[in-house]
Amino acid sequence: MLKEISFTINGKKETMTINAGETLLEVLRERLHLTGAKKGCEVGECGACAVLVDGTAINSCIYLAVWADGREIVSIEGIAKGGLPSKLQEAFIAEGAIQCGYCTPGFVISATSMVESGKCYSKEDVKQGLAGHLCRCTGYQNIIRAVMKTLEQ
Amino acid sequence: MPGPGNYLQNYGNAFKNGGGKMVSSLIGASLPRTDALAKVTGKAKYTGDFMVRDMLVGKILRSPYAHAKVTSIDVTKAKALPGVEAVLTYQDIPQNRYATAGHPYSLDPKHRDVADKTILTARARFVGDEIAAVVAVDEATAVKALKLIAVEYEMMKPLLSPEAALEEGAPIIHDEHGSNILNSVGYHIGDIDKVLQTADHVFDDEFETSIVQHCAMENHVSYAYVDDAGRIVIVTSTQIPHICRRIVGQALGIPWGKVRVIKPYVGGGFGSKQDVCLEPLNAVMTLAVGGRPVKLDLSREESMIGTRTRHAIRIKIKTGVSKTGKLLGIKIDAVSNTGAYASHGHSILMAAGAKFKYLYVFEAIKYSPRTVYTNLPIAGAMRGYGSPQLVFALESHLDNIARKLKIDPIELRWKNFNKEGYADPITGNKILSCGIKECVQRGKELIDWDKKKARFAKEKEQAMNWRRGLGMACFSYGTGTFPAGLEVAGARIVLNQDGSVQLQIGAPEIGQGSDTVFTQMVAETIGIPTSMVHLISTQDTDISPYDPGCFASRQTYVTGMAIQKASLEIKEKILEFAQKMIDVPATDLDIKDAHIVYKYTERVIMPLTEVALQCFYDPLASAPITSDVSHNARFNAISFGATFVEVEVDIKTGQVEIIEIINVHDSGKIINRQLAQGQVHGGVSMAIGYALSEQMLFEEKTGRPLNNNFLDYKLPTILDTPDISVDFVETVEPTGPYGNKSLGEPPVISPAPAIRNAILDATGVAFNQIPIRPQIAFEKFKAAGLI
Amino acid sequence: MYPIADYTEARTLEEAIEQLSSNPGLLIIAGGTDLLIKLYHGKLDTVQLLSLRQIKSLQIITENGDGSISIGSLSTFKEIGGHPIVQQGIPILAEAAMAMGGPQIRSMATIGGNICNGIPSADSAPALFALNAILKLQSKEGERAIPIQEFYRGPGQVDLKQGELLTEILITPDNYQHFGGCYIKFSMRKAMDIATLGVAATCKLNGTARFGQVRIGLGVAGPTPLRCTLAEEYAVGKAVNGLTIAEIGKIAVQSAKSRTSWRASKEYREHLIEELTQRALTTAITRAGGVIDYA
């Protein structure tokens, strides 16, 4: 079954006809070639595919593309502005929060939603907020540091 | 002229003068990763991110049975399904037996890996074995087609443990091998029987580790096509591009040069991609559809059972100890469950047996390993390569001994540590730098061992339901595979017109940070800023120099030697060209910060770019400068380290909480401190899962996997991971190109026994198995009368 | 790509009910965090979906005039966990909601889906059992309200009739006012995990030293979530002390129907029921303003 959807992706309007069974992850990767969101488990367990939908981080592998209709989507490609990394992204670089990089876009997405919320976060809150993402390389240590550093700025 | 010798001398001198000032600024600096920006912005392209026009999708039909023969296979219906481009079974494919392990080839047939795998099989040897495959226009069609393949199986008895496989009359899993024992080569040093007979004490223990999985965040994925010259091109998430090319050639029975392997960014490997899992089948798939591109992208569920796992090993240890706590002799019997195919199985126990003996002094060692085929998923290389299992047993055993002798566990170890100058009696390989005592001293201070020990001892008298304990464990490990394996690495440096250089290596970055430290090495050695080093991160076997790949914590050491050699060579060539321009002997020149300078005064003569431009465009002398070297490393540097941990045990539920964990490493000189810390963080976190939660589970009778997914396989989340502290004792390894030795794998080795020993300290209960899951702990606590 | 043959978005509850009654083959989708995973694993063939996601009237959390709290079935776990009415009135449900999955899942998963799937490990269930939640179900024939205990019929089976939708979860004041509560999710990980055991305990005291009422809801202790009625009856009027609490823990096990699976043994689960019931109750007592006599 085909459906037409319109949504904003990283500030740009898109209208397209999709299959009702398509996931947002598939639309981003295969139709828009925005491959920053990764496929790690396909069932919402790893968080590598996270994107922001109206400012909230969701796993795009278990988010039907039809649900994106009328919404504002931000993927990792939309976080850097004018070719410049965000403060959070800079902190990820500076704090050594990246290794293989496969989980990185997902972490940056969830952490961005925290940073942009304007709320105060303790270290424990940051861990809670990132608990939907798995990382096998970093032991999470430097990711937490990078997010804390950004929140403190 | 600074040759490698001079560099070593400089480092050596710095160390002798009480560790005085570093001679360089880039070695040891915490520079950000070269690929950090690409990765944090989502621009870095991994294998699955390349969208090739008209790419077809490949899928594998996997056996639902652990042990069975295919008696008939009918693909008619699958072939007839619209959108299906090809259906493959073993009947369509050359049945060349090939070895999958990511080791360098050996000219000596006796030293080659065990060739027991075929592309698709008529004999299923584990649940998940590859019986048939389809290529279709899209995934949904491919999945549908798989269901239309009718296979009849004749059941065979599944052998789901080494014990079952070793039973008399058990079916032979690989007929051509003749036995279910894959390998049992051990060694014997000194007279163990005599030592055990005369020792004051003899202690016996038995330990067991479980099957775990690497869980790299990027699953195994590749795509393949035939290029316009008729060669097979495979883009793949691999740790071993050059080896992969050779194995695909062997599996297909075609000249190796007909295959080209390209490795883009890789989302972690940890050893699971030091193996050839997908590529031969992917190559066959594209050939079956006239060379059209075909993607083979495993799901998480498939990756967890269909690629590689870490060996479960049962280890019996018997140790003779003197009255004063001196270790005299050790006898180790190990039985390793290698699963359905050899992969690295034949070498893992040998490697573990070779590496532990550098840690303590023993008069006699008898090491008797047996690696056994079973009908479970294929066990292969995983971070630590046998050491996480063997060191778990050894270090747990030592704590049991310390407890029985009423000696502090640190004191027992202290009395027995090995030191510089020790030579392995079998290989002659020597310890040339050894900081184990400093590591232990540092860790002991950092965790406040003596004070906490005293406090916890007092608390224990109250028999509380939450108990604290301290534990520690040590390890020794090698750097690279020498002398078991050939350790050669290539590096090519090309000077650009602006004085910057390209660095090409065959050693893959998979997340560990090698590209960054290589960049630092080149910049430091030539005398240019890192911004002028352009490293080509993608390996392409058509272009990249030969290097066997990313394994055995070898890259900064072995590839580092090649990089140092290439950097020195290109520097020499640059200075020789400069000599022609300015008539100052090259030996009196140096390069500092991308300028040609007088070596002794560092006075600037001219920018490097002038020499570069001249060497490209001088009408008469034009000869663009490159260096292209290989280095064959004939050393193996031994690294050391220790874990210190404080736990709190919830006696009633069996849950263990890590309060503090500290890893201290002697990995020689640290090239990039922040990246090095990152390696330790990740290794410790992986080891915490190994110790407490991770385990691949299988149905007892059928061998069907129970938890091959991220919900049921308990990878630690951010909330399960405590703060991890890291410190380094920087010895100078004289054979290391920059004084360095292994660090990639070592962090994963000692945490599990340290955690186990801390639980012993807290509760008095000696666990002999990991993971120590809450239910297992509950059962043991109950048996011990704590509940 | 999920095998979704047909997808319809209902705008209102009435429209959804109409659609559902005219096409019995429709499957309901809300957050999708369970259904899509079933599809991924091939547990369902090609499906026709009716989405409730646009129905605003089902997303409301409110306190009614009589003091009862209504939770729309489409409320996500994130909304429930963060909602002031829930946090103040029935904090045990907020606690349970935040123990579920991870942040991205909680932003999608709805409480209605969690209940209607009928799984014994549903994170919302033990707390809702302890709160005597009433479920409001709507169909063409009208509305009915049943206690949550009666809704669960067996593993994966709930009393959801053909054409019926869960619209609201109602907690009446007599079931939460003056109660203290605590939910403990016992799992192998602190996030992204399925409960090995879920224990929700609530209690109301007579003064500070005697139990008025005690309620214990368990998840993963049987084929459905359940209440430990024997232990609850035992507790009434007893002194709030260590001995009573220990006894309540012991008796709670009698209501459970644990079994051995590869995730945990019956023996271990029963041991956890005894231990964690005590722990949850201990916290619940403190939160109810009670003081435990350990003398």
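This is a predicted model: local features need pLDDT of at least 70, side-chain atom pairs count only at pLDDT 80 or more; totals for chains, interfaces and linings use all residues.
A residue is counted as buried here if 20 or more other C-beta atoms lie within 10 Å of its own. By that criterion Val87(B) is buried, because 25 other C-beta atoms are found within 10 Å.

Val87(B) belongs to strand β3 of chain B, which covers residues 84–89. Leaving aside residues up to four places away in sequence, Val87(B) touches Val75(B), Ala78(B) and Lys79(B), and also Ala132(B), Val134(B), Ala145(B) and Ile149(B). A view across the chain is given by Val87(B) and Pro619(B): these two residues are 532 residues apart along the chain, and their C-alpha atoms are separated by 60 Å.

The surroundings of this strand can now be set in the context of the whole chain. Chain B contains 20 helices and 28 strands. Its radius of gyration is 27 Å, close to the 28 Å that the globule rule gives for 787 residues, so chain B is as compact as a globular protein of that length. Along the principal axes, the C-alpha trace of chain B spans about 85 × 75 × 50 Å. Of the 787 residues in chain B, 60% are buried, Val87(B) being one of the buried residues. Contacts that reach across the sequence are well represented: among those in chain B with a separation of 6 or more, 80% are between residues 24 or more positions apart.

One helix pair in chain B can be followed in detail. Two packed helices are described by the angle between their axes and the distance between the axes. Helix α15 of chain B (residues 514–526) packs against helix α16 of chain B (residues 555–582) at an angle of about 30 degrees, and the axes are 9 Å apart. Since angles under 35 degrees count as roughly parallel, α15(B) is roughly parallel to α16(B). The crossing of α15(B) and α16(B) is right-handed. On the α15(B) side, the contact is made by Ser514(B), Val517(B), Phe518(B), Met521(B), Val522(B), Thr525(B) and Ile526(B). On the α16(B) side, the contributing residues include Gln555(B), Thr556(B), Thr559(B), Gly560(B) and Ile563(B). Further along α16(B), Gln564(B), Ser567(B), Leu568(B), Ile570(B) and Lys571(B) also take part. By class, the contact of α15(B) with α16(B) involves eight nonpolar, eight polar and one charged residue.

Chain A has five helices and five strands, which follow the pattern β-β-α-β-β-β-α-α-α-α when read along the sequence. The radius of gyration of chain A is 15 Å, in agreement with the value near 15 Å for a compact globule with 153 residues. The C-alpha trace of chain A spans about 45 × 30 × 25 Å along its principal axes. Buried residues account for 66% of the 153 residues in chain A. Among contacts in chain A between residues at least 6 apart in sequence, 56% join residues at least 24 apart.

Chain A meets chain B through 41 residues of chain A and 44 residues of chain B. On the chain A side, the elements that give two or more residues are α2 (87–94), α3 (104–117) and α5 (141–152) of chain A. Helix α2(A) gives the most, with four residues. The side of chain A that touches chain B is made up of 21 nonpolar, 13 polar and seven charged residues.

A compact globule with 295 residues would have a radius of gyration near 19 Å, and chain C, with 19 Å, agrees. Taken along the principal axes, the C-alpha atoms of chain C fill a box of roughly 65 × 50 × 30 Å. In chain C, 54% of the 295 residues count as buried. For contacts between residues at least 6 apart in sequence, 66% of those in chain C join residues at least 24 apart.

Chain C also touches chain B, with 15 residues of chain C in contact with 14 residues of chain B. Helix α12 of chain C (residues 266–287) supplies the largest share of the chain C side, four residues. By class, this side of chain C comprises 10 nonpolar, two polar and three charged residues.

Conventions
Residues are numbered from 1 along each chain as its sequence is written. Chains are lettered from A and ligands numbered from 1 in the order in which they are written. Two residues are in contact if their C-beta atoms, placed from the backbone, lie within 7 Å. Ala, Val, Leu, Ile, Met, Phe, Trp, Tyr, Cys and Pro count as nonpolar, Asp, Glu, Lys and Arg as charged, and the others, Gly among them, as polar. The radius of gyration is taken over C-alpha atoms; the globule rule is 2.2 Å times the number of residues to the power 0.38. A residue is buried if 20 or more other C-beta atoms lie within 10 Å of its own, exposed if 12 or fewer, and partly exposed in between; C-beta atoms are placed from the backbone. Axes are lines fitted to C-alpha atoms, for helices over the stretch in contact, and angles run from 0 to 180 degrees between N-to-C directions. Angles under 35 degrees count as roughly parallel, over 145 as roughly antiparallel, 65 to 115 as roughly perpendicular and the rest as oblique. A crossing is left-handed if the near helix is turned anticlockwise from the far one by less than a right angle, and right-handed if clockwise.
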